[in-house]
Amino acid sequence: MKDIKLIAIDIDGTLLNEENNLAQETIDAITEARQQGIKVVLCTGRPLTGAKTYLKALNISGHDEYAITFNGSQVQDADGNIIEKENITHDEFLELEKLSHKLDTNFQIETADYIYATNRDLSPFSIAESYLVKMPIKVREPNEIGKNVEVVKAMLIANPDVIDKVFEEIPEDLFNRFSVVKSTPVFIEFMNKKSSKGNALDSLAKDLNLTADNVMAIGDQNNDMTMVKYAGTGVAMGNAVDELKAIANKVTKTNKENGVAYAIRNFALNKK
């Protein structure tokens with residue numbers, strides 16, 4: 001059994017159950033792991049504002065505890081200080097906004113502090129995202145967003161059946177120039193090419209003098225693939241997409257069944 005020293009956990013569909021709640025059983029398992037000296041790092045597509053509630057519930061705080069946010073575009077300590085960050089440029093943001101018109105989707109960008117939506121008719125998915133990650137929305141024309149705005153990621157937004165088609169229509173060149181992930185059934189995200197949960201986790205592990213064999217990563221969606229591939233113990237939730245299950249070396253129970261707690265106890269703490 002590998003000597004697990006760090007557990008990276010996605011939030012939505014993984015840490016949280018089907019009702020978007022953090023179950024007591026999951027809190028207890030994470031607490032037990034931390035009491036045994038294992039670092040627990042929330043690794044999410046959300047900004048830190050959208051993770052703080054769960055960091056607090058798990059009693060994770062301070063400059064020597066960490067979170068990976070914006071799908072790996074930022075590594076932060078639990079107090080909010082940015083340790084590493086990768087942005088996209090202003091010109092890239094404008095290029096992707098034009099692409100949204102061509103593909104007939106809604107569009108938004110996220111900074112460390114705000115969601116900027118460029119469609120006057122807001123997508124309900126943008127409104128839901130704002131509520132979920134506790135980040136206010138500003139509706140702006142692209143020319144109203146200055147070059148001084150640091151863009152962490154850009155997002156195409158549409159209904160699930162449309163997003164699937166849109167993903168197939170994205171020019172190949174953009175996959176070469178950006179990190180592109182379908183993070184949920186309604187979002188396609190574009191980030192700096194260096195940005196991924198796997199790259200951020202690798203960088204953090206090295207900073208902590210750990211190797212991939214010391215890391216367990218747990219996720220459920222396509223944007224979790226890089227970290228599950230990277231980790232020596234890569235775990236797919238029972239409710240994960242098939243693509244993630246195919247590359248994981250462990251599959252745990254579903255989020256409805258507190259699969260994170262099961263994975264920690266059986267794959268990290270080796271309890272039956």
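## Helix H8

Lysine 206 and aspartate 202 both sit in helix H8, 4 residues apart, about one turn of the helix. Helices (H or I, at least four residues) and strands (E, at least two) are DSSP runs, numbered from the N terminus. An α-helix has 3.6 residues a turn, so residues three or four places apart point the same way. Lysine 206 and aspartate 202 form a salt bridge, with their closest N and O atoms 3.3 Å apart. The term salt bridge means a side-chain nitrogen of Lys or Arg within 4 Å of a carboxyl oxygen of Asp or Glu. Lysine 206 is exposed, at a relative accessible area of 54%. Aspartate 202 is partly exposed, at 22%. Here buried means under 20% relative accessible area, exposed over 50%, and partly exposed in between (1.4 Å probe, protein chains only).

Helix H8 spans residues 197-207, and its buried residues are Lys197, Gly198, Ala200, Leu201, Ser203, Leu204 and Ala205. Just after H8, asparagine 209 adopts a positive phi of about 60°.

## Basis of the model

This is a predicted model: local features need pLDDT of at least 70, side-chain atom pairs count only at pLDDT 80 or more, and totals for chains, interfaces and linings use all residues. Residues are numbered from 1 along each chain as its sequence is written, and side-chain values use heavy atoms, leaving out hydrogens and water.

## Salt bridges across the chain

The structure holds 16 salt bridges. One of them joins the side chains of arginine 120 and glutamate 141, at 3.5 Å, N to O. This pair links distant parts of the chain, 21 residues apart. Arginine 120 is in the loop between strand S7 (115-117) and H5. Glutamate 141 is in the loop between strand S8 (137-139) and strand S9 (153-157). Arginine 120 is exposed, with a relative accessible area of 65%. Glutamate 141 is partly exposed, at 37%.

Lysine 182 and aspartate 164 also meet in a salt bridge, at 2.7 Å, N to O. They too link distant parts of the chain: lysine 182 belongs to strand S10 (residues 178-184), aspartate 164 to helix H6 (residues 160-169), and 18 residues separate them. Lysine 182 is partly exposed, at 22% relative accessible area. Aspartate 164 is partly exposed as well, at 39%.

Salt bridges that share partners join Asp10, Lys197 and Asp224 into one network. Lys197 is also among the buried residues of helix H8.

Threonine 44 lies in the loop between strand S2 (39-43) and helix H3 (52-57). It counts as buried, at 1% relative accessibility.

## Aromatic pairs

A search of the whole structure finds 5 aromatic pairs. Rings of Phe, Tyr and Trp (its six-membered ring) pair if their centres lie within 6.5 Å; planes under 30 degrees apart count as stacked, over 60 as edge-to-face and the rest as tilted. Phenylalanine 93 and phenylalanine 107 are stacked, 6.2 Å centre to centre with 15° between the planes. This pair links distant parts of the chain: phenylalanine 93 is in helix H4 (residues 90-103), phenylalanine 107 in strand S6 (residues 106-110), 14 residues apart. Phenylalanine 93 is buried, at 0% relative accessibility. Phenylalanine 107 is buried, at 1%.

Phenylalanine 167 and phenylalanine 175 form an edge-to-face pair, 5.5 Å centre to centre with 75° between the planes. Phenylalanine 167 is partly exposed, at 24% relative accessible area. Phenylalanine 175 is partly exposed, at 22%.

## A charge over a ring and a nonpolar patch

Lysine 138 lies over the face of tyrosine 114, 3.9 Å from the ring centre. The criterion is NZ of Lys or CZ of Arg within 6 Å of the ring centre and within 35 degrees of the ring normal.

Leu122, Ile127 and Val139 make a nonpolar surface patch of about 200 Å². Patch residues have over 30% relative accessible area and no salt bridge; like charges are joined within 9 Å, nonpolar side chains (Val, Leu, Ile, Met, Phe, Trp, Tyr) within 5 Å. Areas come from the Shrake-Rupley method with a 1.4 Å probe; for residues, only the protein chains shown count as cover. Isoleucine 127 is in helix H5 (residues 124-133). It is partly exposed, at 46% relative accessibility.
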